[in-house]
Amino acid sequence: MMTTRLKEYRKKCNLKQAELAEIVGVRRETIGNLERGKYNPSLRLAYDISKVLGTTVEELFVFES
């Protein structure tokens, strides 16, 4: 199970889903699915998103067993 703070950080940076998606090279739907916890990002994607949003992967995505 994964919880995410992606939407919160994205809004702090005044980015729309489509804008963030374009920057990291994925479709807008992927960002939406990540925000709803319906998709687990690859390590590379999680890193790229956290870099754009100025935070860490651990701060954005919390994986619980």
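**Close-up views of a predicted model**

**View 1. Helix α2 passes helix α4 in a right-handed crossing.** The model shown here and in the other views is predicted. Two packed helices are described by the angle between their axes and the distance between the axes. For α2 and α4 the angle is about 120°, and the axes lie 10 Å apart. On the α2 side, the contact is formed by Leu20, Ile23 and Val24, which meet Leu45, Asp48, Ile49, Val52 and Leu53 of α4. By residue type, this contact has seven nonpolar residues, no polar ones and one that is charged. An α-helix has 3.6 residues a turn, so residues three or four places apart point the same way.

**View 2. Helix α3, residues 28-35, has several buried residues.** Thr30, Ile31, Gly32, Leu34 and Glu35 are the buried residues of α3. Among the elements that these buried residues pack against are three other helices: α1 (6-12), α2 (17-24) and α4 (43-53). The buried residues of α3 also pack against the strands β1 (2-4) and β2 (61-63). After α3 comes Gly37, which has a positive phi, near 75°.

**View 3. Thr55 sits in the loop between α4 and α5 (57-60).** Is Thr55 buried or exposed? Thr55 has a relative accessible area of 19%, so it counts as buried, the cut-off being under 20%. Which residues is Thr55 in contact with, leaving aside its neighbours within four places in sequence? They are Tyr9, Ser50 and Leu60.

How values were computed. Residues numbered from 1 in each chain as written. Predicted model: local features only at pLDDT ≥ 70, side-chain atom pairs only at ≥ 80, totals over all residues. Heavy atoms only, no water. Buried < 20%, exposed > 50% of the residue type's maximum accessible area, 1.4 Å probe, protein only. Helix = DSSP H or I, 4+ residues; strand = E, 2+ residues; numbered from the N terminus. Contact = heavy atoms within 4.5 Å. Axes fitted to C-alpha atoms, helices over the stretch in contact; angles between N-to-C directions. Left-handed = near helix turned anticlockwise from the far one by under 90°. Nonpolar A, V, L, I, M, F, W, Y, C, P; charged D, E, K, R; others polar.
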